[in-house]
Amino acid sequence: MALATELSLDLRKFGLEIEKAGICCRFCKTKLKASGVGCWGPHPGGIRVIGYPDRGEPYENHQWVYCKCSKCGYQWSLKKLRRWL
Ligand SMILES: [Zn+2]
């Protein structure tokens, strides 16, 4: 799926996809969890996100999306995670 053609990313769905795929942290081998998905912005290289109505949805700016490892705390970027899905 090309990011450029995508209108918005559903963070909840994305987190579940990561969990379902069983993606592990490349550093400490811990399985990444849906709860580790987060974002910050505005970020010019980011994308529009939805899926967290409790966090002030809709986001007005483009966000940098990541999934944080629950063990070592590394924030894996959307770009890398997409490659592994
Ligand atoms: Zn880790």
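**Sheet, helix and core**

Strand β2 pairs with strand β4 (residues 64-68) through four bridges, and the two run antiparallel. The model is predicted. These two strands belong to an open sheet of three strands, in the order β2-β4-β5, with antiparallel pairing. The edges of the sheet are β2 (37-40) and β5 (75-77); each has a single partner strand, so one side of each is left without a neighbour in the sheet. From one strand to the next, the twist averages 40 degrees.

**Strand β2 and what lies across from it**

- Trp 40 faces Trp 64 in β4, standing opposite that residue.
- Cys 39 stands opposite Val 65, which also lies in β4.
- The covered face of β2 holds Val 37 and Cys 39, while Gly 38 and Trp 40 are on the uncovered face.

**The helix on the sheet**

- Helix α1 (residues 11-21) packs on the sheet and touches β2 and β4.
- The direction of α1 makes about 135 degrees with that of β2.

**The nonpolar core**

- In soluble globular proteins, nonpolar side chains tend to be buried together.
- The largest nonpolar core here has 14 residues.
- Those with the most contacts inside this core are Leu 9, Leu 11, Phe 14, Leu 32, Val 49, Val 65 and Cys 67.
- At least two residues of the core come from each of α1, β2 and β4.
- Helix α1 gives the largest share, three residues.

**Contacts of Leu 32**

- Which residues is Leu 32 in contact with, leaving aside its neighbours within four places in sequence?
- They are Ile 18, Ile 23, Cys 24, Cys 25, Cys 67, Cys 69 and Trp 76.

Technical notes. Residues are numbered from 1 along each chain as its sequence is written. This is a predicted model: local features need pLDDT of at least 70, side-chain atom pairs count only at pLDDT 80 or more; totals for chains, interfaces and linings use all residues. Two strands pair if DSSP finds at least two bridges between them. Axes are lines fitted to C-alpha atoms, for helices over the stretch in contact, and angles run from 0 to 180 degrees between N-to-C directions. Two residues are in contact if their C-beta atoms, placed from the backbone, lie within 7 Å. A residue is buried if 20 or more other C-beta atoms lie within 10 Å of its own, exposed if 12 or fewer, and partly exposed in between; C-beta atoms are placed from the backbone. A nonpolar core is a set of buried Ala, Val, Leu, Ile, Met, Phe, Trp, Tyr and Cys residues joined through C-beta atoms within 7 Å.
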